[in-house]
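Subject: Structure handover

Hello,

Please find the structure below, with the sequence. My notes on it follow after that.

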Amino acid sequence: MEHVIEMNNVSRSFQEKQAVKQVSFTISRGSITAVLGPNGAGKTTTLAMLLGLLEPSEGSVKVFGLKPADVRVKQRTGAMLQEVSVMDRLKVRELLALIRSYYPQPMEMEVLLQATGLGEADLNRYAEKLSGGQKRSLSFALALAGNPDLLFFDEPTVGLDTTARRLFWERVRGLADQGKTILFSTHYLQEAEDIADRILLFNRGVLAADGSPDEIKARLVKKSLSFLASGDPALLRNQLLELPAVEGCYEKDGRLHVSTGNTDEALRAIFVNGLAVQDVRIDQGKLDEAFEQLTLNQEEAAV
Amino acid sequence: MMNPMIAQCKAELLRIIRNPYYVFWSLLMPIMFYFIFTRVVNTGTDDTKQWQAHYLMSMAAFSVMGSAIMTLGVRLVQEQTQGWNTFIRITPLPSSVYFFGKMFGQSIMHLFSVLCIFAAGYLINGVSLTAAQWLLSGLWLLAGSLPFLALGTIIGSMKRVDTASGVSNVLYMGLAVAGGMWMPLEIMPKLMQKIGHWLPSYNYGDGAWAIVAGDSPSWKAVLLLLGYLAVFMLLSVYIRRKQEAV
C-alpha cells in the first residue's frame with residue numbers, strides 16, 4: 001500500500017527539553033488516524049513537523065515521499081491548526097476566495113461555502129467578527145480550500161459543543177469516504193476510539209502504542225471475570241486462588257471478580273475443576289482505562 | 001482561476017481601505033506640522049515660497065517613512081502573533097508573494113498619503129510647482145520609501161506588538177529629527193549635521209528637496225538609499241531565516 005506519511009526515528013528537542021523521542025510510523029492512503037495523548041505528549045510537535053513548520057532534530061519525515069516543506073506537498077495538504085486566526089478586514093467569502101487562489105486545483109467555492117456551515121449573512125461578515133465556534137468552522141473550510149488529499153486536524157473539537165462535534169466528525173467521515181487521508185490529534189479517548197481506524201498513542205514524547213482501537217485495548221486492558229457464588233463464597237475464593245491462571249480475587253457489588261492474564265485459561269480451569277459459579281461475565285476494560293493505566297504506568301516508571 | 005499574486009494584492013488593498021485608522025494617523029501629524037511651521041510660527045526664512053515647498057516635501061517624506069516603518073512593522077507582528085502567518089506557511093503561497101502583496105498595499109497607501117499632503121500644501125499655502133516637479137518628487141517619495149519598508153519588515157520580525165510599536169516609534173522620530181525632516185539640518189550642531197548627512201531619512205528628504213529647488217537628486221542620496229535598502233533587506237532575510245531554523 002502507498003505510504004502517505006513516513007516518519008523514521010524522528011526526535012525533536014527545544015533547547016534542553018526533548019518533545020518527541022525516536023518516533024517512527026507510516027500512514028497509508030485513505031486511513032483515519034488519531035494521534036492520542038495527554039497534554040504535552042508531543043502531539044502538536046509531531047504535527048508541526050509533518051506540516052513542515054518544524055525541522056526534526058534527528059530522523060527523517062516524508063510526506064508523499066517528499067520533504068513536508070516542499071510546495072508539491074503543500075498543494076496536496078490541508079490543515080486546521082489549534083490556534084484559529086483569520087486575516088482581519090476580509091469577509092468570509094473573500095478569505096475563502098483568497099486561499100483558494102493559492103492552490104492549483106482548488107475545491108469548488110460552493111462546497112467550501114457549505115463546509116463553513118454559515119448562513120448567507122455570516123458569509124458576508126468580516127471573518128474576525130465571527131464567534132469562536134464559527135471561526136472553527138471557517139478554518140475547517142479553509143483547510144479544504146485546496147481540495148487536499150491529506151488533512152491534518154490539531155485538536156479540532158476543543159471548545160465545540162456536542163452537536164457541533166458530531167457534525168464535525170460526520171464531515172470528516174465524508175472526507176475519508178472520498179479517499180482522503182486524515183490525521184487528527186486529540187486528548188479525548190472516546191473520539192479516537194469512535195472515529196479512527198488507527199490510534200497512535202503518545203506519551204511524554206514517545207510513541208507508546210500503535211494499532212487499531214481494538215488492538216490497543218487488547219494489549220493494554222486486562223480483561224476480568226466476574227460471577228456469583230452458588231455455594232460458599234469463602235470456599236470458592238480459596239479454590240479460585242489455587243488456580244494457576246488466576247492472579248487475584250476480590251469482591252465488588254456482590255459479585256466475585258477475578259483478574260487474569262488469560263480469561264480463556266481461567267474459565268477452562270474453573271469449569272474443569274467444577275467450581276460452583278453462576279452468571280459468568282467477561283468484563284472488557286474500556287480504552288479510557290487503558291489510557292489512564294498506560295500513562296500512569298509510565299509516570300510511575302519515570303519516578 | 002485567480003492568480004495568487006493578484007488575489008493577494010487585492011486582499012491587501014481591501015484591508016487597507018477598510019482600516020482607515022492607519023491612514024488617518026499617518027496624515028494627521030504631518031499636515032498639522034506643515035500648517036504650524038509654514039503659517040503659525042515665523043521661521044524667518046528669506047524665501048517663503050521656497051520654504052513652503054521645501055517643508056511640504058519634508059512632511060510628505062515624514063508621513064511615508066512613518067507608515068513604511070510603523071504600519072508595516074506593527075501589522076506584520078500582529079499577523080505573526082495571531083497565528084495567521086503559520087497558516088500561510090502551510091499553504092503553497094510563496095512567502096515572496098505574501099511580502100509583495102504587503103509592499104503593494106503599503107505603496108498604494110503611500111501614494112494616497114503623498115497625494116493628500118501635496119493637496120494640503122496647495123490648499124494651505126498655494127504651493128506651486130511645475131507639473132514635472134510634482135510628478136518627479138512624488139515618484140521619488142514612493143521609490144525612496146523602499147529602504148524604510150525593508151526596515152519595517154525588520155521591525156515586523158519582532159515577537160511582541162508592544163516591543164515593535166515602541167521600537168518603531170523611537171526609530172521613526174529619531175530618524176525624522178536627526179534627518180532634518182522637522183527642521184533643516186543647517187540649524188543643528190555640527191556633529192548632528194555630520195551624522196545626519198549619512199542617515200537614510202536625510203537622503204530620502206534630500207532628493208525631494210533637490211527636485212523642488214529645481215535640481216535633481218544627488219548621486220550620493222541615490223546610492224546611500226540603495227545601500228540602506230540592501231543592508232536592511234539582507235538583515236531582514238537573515239533574521240527570518242534564523243527564526244525559522246529554531
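Predicted model: local features only at pLDDT ≥ 70, side-chain atom pairs only at ≥ 80, totals over all residues.

**Interface of chains A and B**

The contact involves 25 residues of chain B and 28 residues of chain A. Together the two chains bury about 2600 Å², and 63% of that lies on carbon and sulfur atoms. On the chain B side, Arg18(B), Trp84(B) and Ile90(B) account for 29% of the area buried against chain A, more than any other three residues. Three salt bridges are found across this interface. Asp88(A) and Arg15(B) form a salt bridge through their side chains, with an N to O distance of 2.5 Å.

**Helix pairs in chain B**

Two packed helices are described by the angle between their axes and the distance between the axes.

Helix α1 (residues 4-17) of chain B packs on helix α5 (residues 95-125) of chain B at about 40 degrees, the axes being 8 Å apart. Because of that angle, α1(B) is oblique to α5(B). The crossing of α1(B) and α5(B) is right-handed. From α1(B) the contact takes in Pro4(B), Met5(B), Gln8(B), Cys9(B), Glu12(B), Leu13(B), Arg15(B) and Ile16(B). From α5(B) the contact residues include Val97(B), Tyr98(B), Phe100(B), Phe104(B), Ile108(B) and Met109(B). By type, the residues of this α1(B)-α5(B) contact are 11 nonpolar, four polar and three charged.

Helix α3 (residues 48-81) of chain B and helix α8 (residues 161-178) of chain B have axes that come within 9 Å and cross at roughly 170 degrees. The two helices, α3(B) and α8(B), are therefore roughly antiparallel. Among the residues that α3(B) brings to the contact are Phe62(B), Met65(B), Gly66(B), Ile69(B), Met70(B) and Val74(B). Those of α8(B) include Val161(B), Ala164(B), Ser168(B), Tyr172(B) and Met173(B). The α3(B)-α8(B) contact consists of 12 nonpolar and seven polar residues, with no charged ones.

Helix α7 (residues 146-155) of chain B packs against helix α11 (residues 219-245) of chain B at an angle of about 20 degrees, with 8 Å between the axes. α7(B) and α11(B) are therefore roughly parallel. Their crossing is left-handed. On α7(B) the contact is made by Leu146(B), Pro147(B), Ala150(B), Leu151(B), Thr153(B) and Ile154(B). On α11(B) the partners include Leu225(B), Tyr228(B), Leu229(B), Phe232(B), Ile239(B) and Arg240(B). The α7(B)-α11(B) contact has 12 nonpolar residues, two polar and one charged.

**Salt bridges over all chains**

A search of the whole structure gives 20 salt bridges. One pair is Arg165(A) and Glu191(A), whose side chains meet at 3.9 Å, N to O. Arg165(A) belongs to helix α7 (residues 162-177) of chain A and Glu191(A) to helix α8 (residues 189-195) of chain A, so the pair ties together parts that are 26 residues apart in sequence.

Regards

Methods: Residues numbered from 1 in each chain as written. Chains lettered and ligands numbered in written order. Heavy atoms only, no water. Axes fitted to C-alpha atoms, helices over the stretch in contact; angles between N-to-C directions. Helix = DSSP H or I, 4+ residues; strand = E, 2+ residues; numbered from the N terminus. Parallel < 35°, antiparallel > 145°, perpendicular 65-115°, else oblique. Left-handed = near helix turned anticlockwise from the far one by under 90°. Contact = heavy atoms within 4.5 Å. Nonpolar A, V, L, I, M, F, W, Y, C, P; charged D, E, K, R; others polar. Buried area = accessible area lost by both parts, 1.4 Å probe. Salt bridge = Lys/Arg side-chain N within 4 Å of Asp/Glu carboxyl O.
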